[in-house]
Amino acid sequence: MTTEIKAELLRLEQQYEIKILYAVESGSRAWGFASADSDWDVRYIYIHKLDWYLNIDDKKDSQEAMLPNDLDFAGWELKKALRLFRKSNPALLEWLRSPIAYLQQFSTVDRLRELADEYFNPKACIHHYLHMAEGNFKEFLQKEVMKVKKYFYVLRPVLVCEWIKQTNTMAPVEFQKLLDSQVIDPIVRKEIQGLLTKKMAGEELGEEQKNPILNDFLEEKINFFNDYVTTFEQYNPPDTGKLNEVFRCAMREAWDE
């Protein structure tokens, strides 16, 4: 599948006259527990030629396509990506840490990784993951009988919040790393590891009775982080100048301008 994905990236470059600077896997395959029927969630950052930017009208700054063989492609134009990076956008920060990379050209992504700690906003990221965890908890985990795999949609954002609280840095993408470092209680850890082992083996996790150990653990963490986010001070993002230079450098490297 990697060969097919790389061929599609090349096709996109030729079709739209762009250069794709970076392309990675996102979602369950990057997290480390894809099912046999999981989509391939390919995410990428791209840059246009100079003439595209010399226009007074706004243009579409993203791309989306569902392709055969469950290929889900979505990309952000570089200026859009840099504006989101300035806001410490969690999705973009996860792309930069994905363990599965299909393409990396030029120095852009390495530069962003060097700046990641400087632009990281822990409050914004915890808000994002807490909102995700809380919403999924209410939607999926309140029934007496439910789809077991939905636990991961709450567990992962909760563990990311824990990582950020402990380290003041963005969390790794892989779920196993989060579990190993952020779950101390041996009883809770055993329950999560059991589900993860089945999921990583490709087993289909069907409907079961809700797990009171995990439900209590998650509810306690969600309540804690709802209080915790109120303790942050005002965040002032760094100057945009460094990101402007990232864009200019990418333009020079991609198009030899």
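**Notebook: sheet and helix packing**

I began with the sheet, where five strands form an open arrangement with mixed pairing, in the order β3-β4-β2-β1-β5. The model is a predicted one. At the edges I found β3 (62-67) and β5 (101-104), each of which pairs on one side only.

β1 (residues 18-26) and β2 (residues 40-48) run antiparallel and are joined by eight bridges. Helix α12 (residues 241-255) does, touching β1, β2 and β4 (71-77). The direction of α12 makes about 90° with that of β2.

**Entry: α4 and α12**

I followed α12 to a helix partner. The axes of α4 (residues 78-86) and α12 come within 10 Å and cross at roughly 155°. Angles over 145 degrees count as roughly antiparallel, and α4 and α12 are therefore roughly antiparallel to each other. I recorded their crossing as right-handed. On the α4 side the contact is made by Leu78, Lys79, Leu82, Phe85 and Arg86, and on the α12 side by Leu243, Val246, Phe247 and Ala250. Sorted by class, the contact of α4 with α12 has seven nonpolar and two charged residues, and no polar ones.

**Entry: α8 and α9**

Helix α8 (residues 152-167) and helix α9 (residues 175-182) have axes that come within 10 Å and cross at roughly 60°. That angle makes α8 oblique to α9. The crossing of α8 and α9 is left-handed. From α8 I listed Phe152, Leu155, Arg156, Leu159, Val160, Glu162, Trp163 and Gln166, which meet Phe175, Leu178, Leu179, Ser181 and Gln182 in α9. The class count for the contact of α8 with α9 is eight nonpolar, three polar and two charged residues.

**Entry: the whole chain**

Last, I looked at the chain overall. I noted twelve helices and seven strands as its secondary structure. The C-alpha trace spans about 60 × 45 × 30 Å along its principal axes. I compared the radius of gyration with that of a compact globule: for 257 residues the globule would have a value near 18 Å, and the chain has 20 Å, which agrees.

How values were computed. Residues are numbered from 1 along each chain as its sequence is written. This is a predicted model: local features need pLDDT of at least 70, side-chain atom pairs count only at pLDDT 80 or more; totals for chains, interfaces and linings use all residues. Side-chain values use heavy atoms; hydrogens and water are left out. Two strands pair if DSSP finds at least two bridges between them. Helices (H or I, at least four residues) and strands (E, at least two) are DSSP runs, numbered from the N terminus. Contact means heavy atoms within 4.5 Å. Axes are lines fitted to C-alpha atoms, for helices over the stretch in contact, and angles run from 0 to 180 degrees between N-to-C directions. Angles under 35 degrees count as roughly parallel, over 145 as roughly antiparallel, 65 to 115 as roughly perpendicular and the rest as oblique. A crossing is left-handed if the near helix is turned anticlockwise from the far one by less than a right angle, and right-handed if clockwise. Ala, Val, Leu, Ile, Met, Phe, Trp, Tyr, Cys and Pro count as nonpolar, Asp, Glu, Lys and Arg as charged, and the others, Gly among them, as polar. The radius of gyration is taken over C-alpha atoms; the globule rule is 2.2 Å times the number of residues to the power 0.38.
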